[in-house]
Amino acid sequence: MNDLADRLARRIGEQGPISLADYMAAASAHYYARRDPFGARGDFVTAPEISQMFGELIGLWCIETWRAMNAPPRVVLAELGPGRGTLMRDALRAARLAPDFLAAAELHLVETSAALREKQRDVLAVHRPVWHERAEELPDGPLLLVANEFFDALPVQQYVRGENGWRERRVGIAHGQFAFELGDPCAETMEASPGAIREHSAEAAALAAWLGGRVARQGGAALIVDYGYTQGSGGDTVQALKAHRRHDLLRDPGEADVTAHVDFAALAQEAAKAGARILGPVEQGMFLHRLGIAARAAKLMEASPAQASTIAVGLRRLTDPDAMGTLFKALAIADPAVPMLAGFA
Ligand code: SAH
């Protein structure tokens, strides 16, 4: 057992079973705190690590959105969970086209991992970023916020339909191992057949509500890109990934990346209730094509013919339906006063 497993086992011994969400939050914090999990030798690969085009196009999206906001002289440019800082580095390089935007942008990064903050400092130092533990700590003012593969890392609650209603799924200990068990029946009345599983992320919902209220009151927009579903419930979508393979969620907590599919309808609903306008979700492939990824790829290939096949592979992985093109989606949460946002037709 690792030290997190010891700590969780002791906690369960003292307090009884904990919710799946609490287990996931502890595993995730431990996982990210001390490592760089990205890339072929890591546990998973994200869009900005596949191709520079991803961050560049998001940089152009930020410039266009800032202009649609009537180009405020100061804008809080924020990213949630910047990983290695690659997306923001590429976005800000592309933004050299718009020195007025660069002069207005004040960079803020929301990151809990000390190891990844170090990486972000390495690549973003010239832009003098300010770090925060939570989105709610961002300074006031018009906001442009980006979150790629951030929401999937937030903990989810799961509810399992039994003979007599829904019960929350918990993690306890049986025969010296972590094991799922069910909590007391809860108030939820939705009809479903026994064994059905529903997921809900209270943390993601609260963050979407906060973002919606924030942009509605202070201006701006948030762009959320992630993998997930747009209607219904995806059933049990929680998975642990280590070295690009599925890993047992209940074994070695904190040693694998734990994620859940994002419930885009829930995010949209919370943000809309808080006063924001919702655009999308649109599939990532469609979104990137509307932002001009094909032209960008052609230009890069022309500039570096030796890289042509790598660029073509990147384009395919980001946009093809059988790669990231349809599973991943983009959702915008915007101030209703912002007339139109690029990529959302
Ligand atoms: N956006 C990056 C990294 C995605 S991985 C990319 O696309 O490559 C998830 C990121 O979110 C990591 O940087 C991780 O440390 C951070 N993170 C996860 N949970 C977090 C939380 N609750 N608060 C702040 N950051 C978190």
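Modeller: First, a term. A pocket here is an open set of grid points, on a 1 Å grid over the protein atoms alone, with protein on both sides within 12 Å along at least five of seven lines. Its volume is the space filled by probe spheres set on those points. Keep in mind that this is a predicted model.

Now the pocket itself. The largest pocket has a volume of about 760 Å³. Its lining is made up of 37 residues. Nearest its centre are Gly81, Thr112, Phe150, Ala153 and Leu154.

Which elements build the lining? At least two residues each come from the helices α2 (20–33), α3 (47–50), α5 (86–94) and α8 (202–218). The strands β2 (75–80) and β13 (257–259) also supply at least two residues each. The largest share belongs to α2, with four residues. By class, the lining holds 18 nonpolar residues, eight polar ones and eleven charged ones.

Next, the ligand. The ligand sits in this largest pocket. Around the ligand are 16 residues. Thr46, Gly81, Gly83, Glu111 and Asn148 come nearest to the ligand. The shell around the ligand divides into seven nonpolar, six polar and three charged residues.

Start with Thr46: an N or O atom in its side chain is 2.6 Å from an oxygen atom of the ligand. Gly81 uses its backbone: a polar atom there is 2.7 Å from a nitrogen atom of the ligand. Gly83 also uses its backbone, with a polar atom 3.1 Å from an oxygen atom of the ligand. How much of the ligand is covered? Taken alone, the ligand exposes 570 Å², and the protein buries 92% of that area.

A cavity, unlike a pocket, is a set of points where a 1.4 Å probe fits but cannot get out. There are two cavities of 30 Å³ or more.

The largest cavity has a volume of about 150 Å³. It is lined by 16 residues, and Val156, Ser201, Ala204, His261 and Asp263 lie nearest its centre. Helix α8 returns here: along with β9 (197–200), β14 (262–263) and α9 (264–273), α8 supplies at least two residues of this lining. So α8 contributes to the lining of the largest pocket and to that of the largest cavity. The classes in this cavity lining are ten nonpolar, three polar and three charged.

The second largest cavity has a volume of about 40 Å³. Its lining includes Tyr23, Ala27, His247, Arg251, Asp252 and Val258. Seven nonpolar, two polar and three charged residues make up that lining.

Most peptide bonds are trans, and most residues other than glycine have a negative phi. The bond from Gly280 to Pro281 is cis, with omega near 5°. Pro281 lies in strand β15 (residues 277–283). Arg128 has a positive phi, near 45°. Arg128 is found in the loop between α7 (114–124) and β4 (130–132).

How values were computed
Residues numbered from 1 in each chain as written. Predicted model: local features only at pLDDT ≥ 70, side-chain atom pairs only at ≥ 80, totals over all residues. Heavy atoms only, no water. 1 Å grid on protein atoms, 1.4 Å probe; cavity = no way out; pocket = protein on both sides within 12 Å on 5 of 7 lines; lining within 4 Å. Nonpolar A, V, L, I, M, F, W, Y, C, P; charged D, E, K, R; others polar. Near = heavy atom within 4 Å. Polar contact = N/O pair within 3.5 Å; in protein donor to acceptor, adjacent residues only side chain to side chain. Areas by Shrake-Rupley, 256 points an atom, 1.4 Å probe, with all protein chains shown as cover. Sits in = over half its atoms within 2 Å of the grid points.
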